Amino acid sequence: MPANLPPEYFKAEERYLRARTLEEKISATQELIRTAPKHKGTEKLLKMLKRRLSKLRAELQKQRARHVSGGPSYHVKREGAAQVALVGMPNSGKSTLLRWLTSARPSVASYPFTTRRPVPGMMQFEDIQIQLVEIPAVIEGSSLGKGLGVLPLSVARNADAIALVIDVSKDPLEQVKILAQELEATGIKLNRKPPKFAIQRRATGGIEVRGVGMFEDGEAELKRALQERNIHNALVIIDEPITAKDLGDALDGSCVYRRAFILATKCMAGEGEKLGQLKGEYGDRFSIIPVASTGGEQEVKRAIFDSLDIIRVYTKRPDEEPAKRPVVLPKGSTISDAAQVVHKDFARGLKFAKVWGSSRFPGQQVPRDYVLQDKDVVELHL
Ligand SMILES: Nc1nc2c(ncn2[C@@H]2O[C@H](COP(=O)(O)OP(=O)(O)OP(=O)(O)O)[C@@H](O)[C@H]2O)c(=O)[nH]1
Ligand SMILES: [Mg+2]
C-alpha cells in the first residue's frame with residue numbers, strides 16, 4: 001500500500017465497503033480517486049480505481065438498459081443522408097440551431113431542460129437532406145442518471161455523427177470536457193479509431209505477444225487484462241500503440257466510435273477570445289464551426305456536410321442522363337462501392353466505368369478501385 005494516504009481516503013474506502021447500490025459504489029470510487037495523492041507510488045492504485053470505476057459504470061448502464069426496456073422508446077428513425085445528434089449542456093442553443101437549420105419547431109426558452117425528448121429535423125443542403133436530432137440536455141453525471149439520465153445518450157449512440165453544441169459565451173472548454181466525458185462513460189468515443197490488434201485464442205501455450213512494445217502499460221498488465229477476461233492461451237498481435245483501457249473497451253465490446261465536431265453557438269462580437277481558446281485546446285481533435293444567429297446559414301450547412309466526410313455520386317447508364325438524386329457514400333469510396341449501392345449484381349458484373357468530375361478528363365475510363373470525389377458522375381458499364 002503506497003504511503004501518505006490522507007484520512008479522507010480511508011473514509012471513502014469505508015463508504016465503498018459499506019455501499020449497497022452501484023450508484024453508491026461509483027460515488028465512493030470517485031471520492032477515492034479524488035482523495036488519493038497523485039505520485040509515482042500511487043500510480044498502480046489509481047489505475048486500479050479507474051478500472052473499477054469504468055466497470056461499475058458499465059454495470060450501471062446495463063442495469064439501467066434493463067430497466068428502461070419496455071419503457072418509452074427514444075429511438076429516432078434515421079432519415080436522409082446521415083443522422084447527426086446535437087449534444088449539449090442545458091441552454092447551449094440546440095433548439096435554436098434546429099429551428100434555424102431545419103423546419104422543426106422545438107420550444108426555445110432560457111430555462112434548462114426545455115427539450116425533454118429527442119426532436120428530429122431535416123436540414124436541406126443543396127440536393128441532399130441531413131437529419132439533425134436535438135438530444136435532451138446532457139450534464140455532468142448524466143451517464144450516472146443525473147438530469148434527464150442516460151436515455152438521451154442512447155440516441156447519440158445510434159447517430160452517424162455527433163455535434164457537440166457548445167455555448168461560447170460561457171465556459172466552452174469545460175463544456176467540451178464534460179460532454180466528451182459523459183459520452184465516453186457510456187461507451188461513445190469521439191473521433192477515435194478502434195485500436196488495431198488481433199487475438200487468436202489457442203488451446204495451450206500461454207499468452208504470446210507480438211508487438212508488446214506498443215502496449216503502453218507493459219506486458220504484465222496486458223496479461224492481467226487478458227486473464228481477467230478468462231483468456232489464458234492466445235496469440236496477441238498489436239499493430240499500433242494501445243493502452244490497457246483501449247484493450248479492455250475493445251474486448252468488452254461496449255464501445256462505439258463516432259465522428260464528432262463542434263458547433264460553437266452564441267458567437268457574438270466579443271467572444272473571439274473564447275473561440276480562440278476552444279480552437280487552441282480542441283482544434284486538433286474536432287473541427288469547430290462557429291455559429292452566429294446573425295447569418296451565414298449556407299456556410300454552416302456546408303461545414304456540417306464537410307464534417308461528415310461523405311460524398312455525393314451521380315450514377316448513370318450509357319446514353320442516359322445522370323440520376324437526379326445522388327448516392328451518398330463515405331469519403332474514400334470507389335467505383336465498386338458505388339456500383340454496390342446501385343445494385344449488387346451491378347457490382348459483380350461491372351466491366352468498367354467512366355467518370356466526369358474528378359477524373360483527368362471528362363468521361364475518362366477508370367478501374368473499379370478508382371476513388372471517387374464529391375459530385376462525380378459515374379457511368380457504369382456491364
Ligand atoms: N444571444 C444568443 N442567444 C441564444 C442563441 N442561441 C440560443 N440563445 C438563447 O439561449 C437560450 C436557450 O436556447 P435553446 O435553443 O432553448 O437551448 P437548448 O440547448 O435547446 O436548451 P435545452 O433544450 O433546455 O437544453 C434561449 O434563451 C435562447 O434565446 C444565440 O445564438 N445567441
Ligand atoms: Mg432545447
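This is a predicted model: local features need pLDDT of at least 70, side-chain atom pairs count only at pLDDT 80 or more; totals for chains, interfaces and linings use all residues.
Student: Where is Phe-113 found, and what is its phi?
Tutor: Phe-113 sits in the loop between α4 and β2 (119-125), where helices (H or I, at least four residues) and strands (E, at least two) are DSSP runs numbered from the N terminus. Its phi is near 60 degrees, a positive value in a residue other than glycine. Lys-266, also not a glycine, has a positive phi of about 55 degrees; Lys-266 belongs to the loop between β9 (256-265) and α9 (272-282), and at 32% relative accessible area it is partly exposed.

Student: Which residues coordinate the magnesium ion (ligand 2)?
Tutor: Donors are N, O and S atoms within 2.8 Å of the metal (3.2 Å for Na, K and Ca), and because water is not among the atoms, sites may look incomplete. Here the magnesium ion is held by Ser-95 (OG), Thr-115 (OG1) and Glu-134 (OE), at 2.1 to 2.2 Å, a set of donor residues spaced S-x19-T-x18-E in sequence. Since Ser-95 belongs to helix α4 and Glu-134 to strand β3 (residues 128-134), the pair ties together parts 39 residues apart in sequence. Ser-95, at 7% relative accessible area, is buried, and Glu-134, at 2%, is buried as well.

Student: What lines the second largest pocket?
Tutor: On a 1 Å grid over the protein atoms alone, a pocket is an open set of points with protein on both sides within 12 Å along at least five of seven lines, a cavity is a set where a 1.4 Å probe fits but cannot get out, and lining residues have an atom within 4 Å of a point. Grid points are joined across faces, edges and corners, and the volume is the space filled by probe spheres set on them. The second largest pocket holds about 400 Å³ and is lined by 26 residues, with Ser-92, Gly-93, Lys-94, Thr-96 and Lys-266 nearest its centre. Helix α4 (residues 94-101) gives the largest share of this lining, five residues.

Student: Where does the largest cavity lie, and which residues line it?
Tutor: Domain bounds come from an automatic or database domain assignment. Domain 1 (7-68) and domain 2 (83-192 + 255-307) both contribute lining residues, so the largest cavity lies between them. Its volume is about 30 Å³, and its lining consists of Arg-57, Leu-60, Gln-61, Ser-143, Ala-185 and Thr-186, with the largest share, three residues, coming from helix α3 (residues 43-68).

Student: What is the extent of the whole chain, and how far apart are the centres of domain 1 and domain 4?
Tutor: Along the principal axes, the C-alpha atoms fill a box of roughly 80 × 60 × 45 Å, and the centres of domain 1 and domain 4, taken over C-alpha atoms, are separated by 53 Å. The chain has 382 residues, of which 45% count as buried, and its secondary structure comes to twelve helices and 15 strands.

Key: Residues are numbered from 1 along each chain as its sequence is written. Chains are lettered from A and ligands numbered from 1 in the order in which they are written. Side-chain values use heavy atoms; hydrogens and water are left out. Buried means under 20% relative accessible area, exposed over 50%, partly exposed in between (1.4 Å probe, protein chains only).
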